[in-house]
Amino acid sequence: MSNSDGEPVASAKIKVVARDVNVFYSDKHALKAVNLDVRANEVTALIGPSGCGKSTFLRCLNRMNDLIDGARVTGTIAIDQQDIYLKDLDVVQLRARVGMVFQKPNPFPKSIFDNVAYGPRIHGLAGTGAELEEIVVTSLKRAGLFEEVKDRLNEAGTGLSGGQQQRLCIARAIAVSPEVILMDEPCSALDPIATAKVEELIDELRQNYTIIVVTHSMQQAARVSQRTAFFHLGELVEVGDTEQIFTNPNHKLTQGYITGRFG
Amino acid sequence: MTEMVEPLTASVTVAGVNARLRRRYAVDRWFRALGVSAIVAALTFLILLLGTIIGQGYTAFAQSQIRLAITFDAAILDPDGRGDPAVLGTADYGRLIRQSLETLFPDATERAQRRELSRLMSPGADLELRGMLLADPSLMGRTEEIWLPTSSPVDQLVKGHTGRTAEEGGQFTDGELRRIDRLRSDGRLAARFNKWLFTQGDSRQPELAGLAGAVVGSFYSLLVTVLLSFPLGVAAAVYLEEFARQSRWTDIVEVNINNLAAVPSIVFGLLGLEIFLNVLGLPRSAPLVGGLALTLVSLPTIIIAARVALKAVPPWVREAALALGASRLQMVTHHVLPLAMPGILTGTIIGMARAVGETAPLLMIGMVAFVVNVPATPVDPATALPVQIYLWAASPERGFVERTSAAIIVLLCFLAVMNAAAIYLRKRYERRWG
Amino acid sequence: MTEHTVRSYDEELSHLNNLIARMGGIAEAQLDASIQALIRRNSEQAGKIIAADAKVDDMEHEVHAFTVRLLALRQPVAHDLRFIVGALKVSGDLERIADYAANVAKRALVLNQLPPVPPMAAVPRLGRLVQEILKDVLDAYVDQNQEKALRVWKRDEEVDDMYTGLFRELITYMMEDPRNITPCIHLMFIAKNIERIGDHATNIAETIHYLVNGTPLLDARPKGTSVLPEPPPAGEGN
């Protein structure tokens with residue numbers, strides 16, 4: 001169904017390859033034979049109506065679906081040619097490689113420093129306290145938050161504004177040096193200014209990470225992404241360059257969805 | 001808007017709407033009045049209950065005592081002069097009291113009068129003197145003014161619970177009444193703070209019966225209960241909530257735990273009797289066994305409370321931790337448990353409060369025995385506060401009536417302290433949510 | 001196309017469509033009237049046409065303002081976006097068409113002062129052909145019918161051929177008798193104006209193709225014989 005299958009992409013490196021991915025929740029077929037290539041150092045937006053499977057697909061990429069009772073994933077998903085659904089693959093390691101940012105800003109009820117330091121601590125990424133501090137500062141800087149919070153690293157992360165909290169969550173995710181960052185509607189709880197800041201950040205982060213973002217805002221997909229994939233009823237209907245999807249989508253369903261012609 | 005909005009149907013008129021609005025407000029007010037009266041009723045019952053108990057019980061915190069000049073006469077107590085504790089322990093301290101009383105009332109020369117004199121004092125007053133001497137041997141040979149407990153009838157008379165004359169239920173002869181009046185006017189007879197209530201174990205004599213044994217027994221039982229049921233309950237709840245996959249098996253476990261919480265506690269007592277006493281052969285009447293039985297009683301409550309507290313931790317906390325690559329155990333110990341702790345602690349303390357008031361299982365494992373000594377370890381025989389209340393309430397002596405209420409007051413204070421602890425812990429652990 | 005979930009959006013798009021259709025109708029009528037004024041040597045009618053041109057200009061401004069509003073408030077994408085941008089372009093084309101029709105009327109006023117010349121009959125023929133093309137392309141726009149638009153686009157060849165023929169005919173007349181030069185030059189400009197109207201109709205056809213398909217009409221337009229020499233074939237690589 002997608003138009004990019006087998007289409008040779010000469011210049012861009014492919015980071016994530018999904019082939020014939022199916023997801024079942026008990027007897028519900030939530031994702032149907034999805035084939036999708038995600039290019040490295042690009043932002044790929046997943047759009048589609050609620051319950052279309054875009055979040056499900058996102059959660060396949062760091063195996064968060066494993067946590068749901070009765071969830072079953074078939075097909076193959078590979079990151080850098082390594083199948084992430086192999087039996088002996090360490091999920092904890094995978095989640096260090098594939099970071100995730102959630103819909104609602106969800107800093108831990110701990111200090112700003114501890115929020116960012118948590119990942120490096122449990123993965124043992126810092127040998128000394130000074131190293132840990134450096135990781136925290138670098139991550140906060142990359143997330144564009146350092147200047148705003150440098151004087152209050154020991155205050156609660158939950159005391160920040162919504163947009164700051166979300167950037168703190170992004171800092172927390174990049175503190176473990178992931179290769180891929182998954183974002184599940186990262187701006188849906190934020191005001192327009194905070195949204196703009198996070199979108200700007202996403203665009204900057206593209207230099208170093210491969211980003212996949214689920215969004216309900218078509219404008220956001222158009223603004224931040226290079227590639228857009230449209231899901232409907234568990235199927236990947238169409239994937240293509242964002243510009244093409246938003247000016248001249250190939251599929252009638254995509255057209256109907258992005259122009260607001262069906263619920 | 002200047003135009004009138006057309007009503008939807010012809011029957012809807014402004015007057016009709018207003019009338020219905022008035023009715024709705026009236027129902028509102030009715031409901032509020034109902035709620036207020038329910039609270040008033042509940043408060044009335046509570047005040048009535050507390051009022052009765054405190055009204056009956058506060059006098060038990062005082063005890064009528066007579067100040068006597070006691071001479072620790074070595075010739076009576078220690079004729080050999082060797083200071084042997086065995087000899088001192090069995091000496092006739094009652095004679096010291098009799099001598100002192102006879103000095104006060106030299107006119108009492110007849111046998112009957114002398115018997116009347118010794119009826120003034122509690123039969124346990126000599127034990128008080130023995131305790132003093134054993135604690136401080138230097139008293140030997142000296143004369144001290146010492147407050148000693150009166151007998152229960154005198155105590156009741158002083159507190160005004162019984163009348164002076166026979167018609168009023170008094171049991172005293174004129175001579176006795178005269179002596180009592182003289183002691184009072186001399187300032188030798190007064191109601192003073194009842195230290196025996198807090199230092200003594202149970203006794204057949206109301207004036208000597210204390211709660212120390214019951215309090216310590218309850219404390220030991222509770223200690224055992226906390227040490228067992230908190231870790232067990234939390235571990236079970238964490239496993240069921242965070243680790244176990246939803247299956248028929250966990251459903252069965254869940255239903256059974258909920259059922260156990262509703263099982264009458266006497267059943268747990270029977271279970272404790274059979275397993276702990278008959279099979280394991282643990283000592284009868286011991287707080288250890290009481291604590292084990294109370295663990296059985298409170299465990300379901302704690303598991304249910306802990307599961308509710310864990311369920312109340314928002315799922316995004318788990319997702320955030322797992323998405324960063326935390327293992328399940330790290331997720332639970334670093335994030336979920338600290339957030340659930342206030343709820344778990346509250347649940348635990350409520351479970352403990354239930355356990356501390358529990359009588360039935362303790363009756364079954366023999367903690368209802370008459371125990372005079374304050375238990376030193378959890379395996380010594382003991383009673384518990386609610387059992388003590390039951391025992392005293394069943395005693396016929398007039399002096400036990402006020403003591404029963406006093407014991408209830410102590411138990412209520414115990415509960416109040418525990419609830420205060422629960423509130424304090426919850427406030428301390430409570431975090432602000434983002 | 002199915003309806004938008006937001007009904008007012010649909011209403012706005014159809015309002016835009018109506019504006020374009022009305023504007024097209026007026027441009028068409030202006031062209032028709034100017035040719036009539038030319039044939040019948042009716043100066044009064046010609047004057048009306050020149051006066052009516054301002055109305056088309058106003059409508060173009062209205063379309064501009066309305067599309068800007070739609071772009072700002074609805075953030076259209078895909079077909080909607082192409083439709084709105086297309087409307088903007090088509091309104092520009094229609095404004096030019098009406099302008100040319102007014103130009104024809106102005107020259108008709110001048111011609112009415114001069115004695116008639118024989119090639120007068122050939123110009124209305126060209127006019128009617130372009131009128132037909134304009135009518136078809138406006139129909140194609142209203143129906144969003146790209147096949148029809150493509151047919152119109154191909155007919156531009158006929159216009160070019162007819163215009164080239166007319167050009168030669170007028171030159172012959174001017175060579176025959178120098179007194180013919182003044183009316184013939186005016187007729188030449190009228191023919192040129194009508195030919196430009198045909199070109200704008202072709203532009204509209206291209207716009208229709210883009211807004212239906214989302215891709216520009218890329219193949220070379222079939223060109224008829226030109227009055228100009230063929231450009232050198234060397235690729236300048238644009």
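## Chain C: burial and fold

Of the 238 residues in chain C, 39% are buried. The model described here is a predicted one. The secondary structure of chain C consists of 6 helices and 0 strands. Read from the N terminus, its elements follow the order α-α-α-α-α-α.

The radius of gyration of chain C is 20 Å, which agrees with the value near 18 Å that a compact globule of 238 residues would have. The C-alpha trace of chain C spans about 70 × 50 × 25 Å along its principal axes. When contacts in chain C between residues at least 6 apart in sequence are counted, 83% of them join residues at least 24 apart.

## Chain B: dimensions and domains

Chain B has 18 helices and 3 strands. Its radius of gyration is 31 Å, whereas a compact globule of 434 residues would have one near 22 Å. Along the principal axes, the C-alpha trace of chain B spans about 110 × 65 × 40 Å. Buried residues account for 36% of the 434 residues in chain B. Of the contacts in chain B with a separation of 6 or more, 77% come from residues 24 or more positions apart.

The domain assignment divides chain B into domain 1, covering 67–192, and domain 2, covering 212–429. Taken over C-alpha atoms, the centres of domain 1 and domain 2 of chain B are 45 Å apart.

In chain A, strand β1 (residues 14–25) pairs with strand β2 (residues 28–39) in the antiparallel sense, over 8 bridges. A:Val16 has A:Val38 of β2(A) as its bridge partner. The two strands, β1(A) and β2(A), form a hairpin with 2 residues between them. In the turn of this hairpin, A:Ser26 has a positive phi of about 50°.

β1(A) is also joined to strand β4 (residues 71–79) of chain A by 8 bridges, and these two strands run antiparallel. Here the bridge partner of A:Asn22 is A:Thr74 in β4(A). β1(A) therefore pairs with β2(A) and with β4(A), as two strands count as paired when DSSP finds at least two bridges between them. In a regular strand, side chains alternate between the two faces of the sheet.

## A:Ala71

A:Ala71 belongs to strand β4 of chain A. It has 19 other C-beta atoms within 10 Å and is therefore partly exposed; a residue counts as buried if 20 or more lie within that distance.

Leaving aside residues up to four places away in sequence, A:Ala71 touches A:Val23, A:Tyr25 and A:Asn65. A:Arg172 is 101 residues from A:Ala71 along the chain, and the C-alpha atoms of the two are separated by 27 Å.

## Helix α3 of chain A

The buried residues of α3(A) are A:Ile112, A:Asn115, A:Val116, A:Ala117, A:Tyr118, A:Gly119 and A:Pro120. They pack against α4 (129–142), α5 (146–149) and α6 of chain A. An α-helix has 3.6 residues a turn, so residues three or four places apart point the same way. Just after α3(A) comes A:Gly124, which takes a positive phi of about 65°.

## Contact between chains A and B

Two pairs of chains are in contact, and chains A and B share the most contacts. Their contact takes 24 residues from chain A and 18 residues from chain B. On the side of chain A that touches chain B, α2 (91–97), α3 (112–123) and α6 (162–174) of chain A each supply at least two residues. α3(A) gives the most to this side, with 4 residues. Sorted by class, the side of chain A that touches chain B has 14 nonpolar, 6 polar and 4 charged residues.

## Contact between chains A and C

The contact between chains C and A takes 14 residues from chain C and 14 residues from chain A. On the side of chain C that touches chain A, helix α3 (residues 78–113) of chain C gives the most, with 4 residues. By class, this side of chain C has 5 nonpolar, 7 polar and 2 charged residues.

Chains B and C are joined by no contact, and their closest C-alpha atoms lie 23 Å apart.

How values were computed
Residues are numbered from 1 along each chain as its sequence is written. Chains are lettered from A and ligands numbered from 1 in the order in which they are written. This is a predicted model: local features need pLDDT of at least 70, side-chain atom pairs count only at pLDDT 80 or more; totals for chains, interfaces and linings use all residues. Domain bounds come from an automatic or database domain assignment. Two residues are in contact if their C-beta atoms, placed from the backbone, lie within 7 Å. Ala, Val, Leu, Ile, Met, Phe, Trp, Tyr, Cys and Pro count as nonpolar, Asp, Glu, Lys and Arg as charged, and the others, Gly among them, as polar. The radius of gyration is taken over C-alpha atoms; the globule rule is 2.2 Å times the number of residues to the power 0.38. A residue is buried if 20 or more other C-beta atoms lie within 10 Å of its own, exposed if 12 or fewer, and partly exposed in between; C-beta atoms are placed from the backbone.
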